[in-house]
Amino acid sequence: MMLLDPGKTGQSLVEYSLLLALVALVAIGGLTLLGGGVSRAFEQAEGAPSVLDLTADFLGRINAFYQLNNRWPRSWGDERFTNLGLDPADWSQPVAGVVWNPNGPRIGLGNRPGDNLQIYVTDRNNTVRKLYDGWNIWCEAADGKCYYHTVAPENEVDLSTLVVREE
């Protein structure tokens with residue numbers, strides 16, 4: 001696992017803290033799954049990064065990669081994570097109930113086809129939308145806005161309303 005770049009100072013501590021919190025979240029989630037049901041696994045653990053925190057971190061990494069390389073990170077294979085300084089193995093399973101899919105200038109948040117976890121989010125018109133299996137909520141690095149399934153003004157959603165449920 002690549003943790004820190006010795007050439008960076010202030011951001012390194014933040015990255016280390018986020019990674020440490022992510023590991024704690026995964027451990028707590030695993031224990032909760034074993035001991036009492038999936039729905040409790042996604043309750044916010046104190047100090048654990050939220051979907052909003054993780055999304056902001058991904059978008060920050062995507063923008064930093066662009067500023068450094070004058071191109072967007074890769075959108076396929078392990079490079080979609082390694083370009084962002086992340087270990088793909090750490091993201092191979094859902095984190096905070098969400099499957100994370102870096103894709104060039106955006107991050108996709110979704111679920112896996114066939115699982116029993118469902119994602120709901122509210123759009124700008126205060127309508128709750130269910131994310132179908134295999135679909136994504138796309139958050140754009142350029143403006144930080146998030147969209148249900150496809151990037152279009154009428155599909156803009158409020159990521160702070162995201163809910164993961166077992167169904």
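The tour goes from the sheet to the helix across it, then to the core and the disulfide.

This is a predicted model: local features need pLDDT of at least 70, side-chain atom pairs count only at pLDDT 80 or more, and totals for chains, interfaces and linings use all residues. Numbering starts from 1 along each chain as its sequence is written, and side-chain values use heavy atoms, leaving out hydrogens and water.

**Stop 1: the sheet.** Show the strands (DSSP runs of E, at least two residues, numbered from the N terminus). Seven of them form an open sheet in the order β1-β2-β5-β6-β7-β3-β4, with antiparallel pairing. Strands pair here if DSSP finds at least two bridges between them. Colour β1 (99-103) and β4 (128-131): these are the edge strands, each pairing on one side only. On average, neighbouring strands are turned by 30° against each other, direction ignored. Axes for such angles are lines fitted to C-alpha atoms, for helices over the stretch in contact; angles run from 0 to 180 degrees between N-to-C directions.

**Stop 2: β3 and its partners.** Select residues 117-123. This is β3, joined to β7 (residues 156-166) by six bridges, antiparallel. Find Gln 118; Arg 165 in β7 stands opposite. Now look towards β4, which four bridges join to β3. There Ile 119 faces Leu 131.

Stop 3: Select 51-69, which is α3. Helices are DSSP runs of H or I, at least four residues. α3 lies across β1, β2, β5 and β7, and runs at about 150° to β2.

**Stop 4: the core.** Select Trp 100, Leu 109 and Ile 137. These have the most contacts inside the largest nonpolar core, which has 28 residues. A nonpolar core is a set of buried Ala, Val, Leu, Ile, Met, Phe, Trp, Tyr and Cys residues joined through side-chain atoms within 4.5 Å. α3 gives the most, with six residues. Centre on Ile 137: beyond four places in sequence, its contacts (heavy atoms within 4.5 Å) include Ile 107, Val 121, Cys 146 and Leu 162.

**Stop 5: the disulfide.** How many disulfides does a search of the whole structure find? One. Select Cys 139 and Cys 146, whose sulfur atoms are 2.1 Å apart; the cut-off for a disulfide is within 2.5 Å. The link is right-handed, with 110° about the S-S bond. Buried means under 20% relative accessible area (1.4 Å probe, protein chains only). Cys 139 counts as buried because its relative accessibility is 0%. Cys 146 is buried too, at 6%. Finish on β7, where Val 157 is the bridge partner of Cys 146.

How values were computed. Buried < 20%, exposed > 50% of the residue type's maximum accessible area, 1.4 Å probe, protein only.
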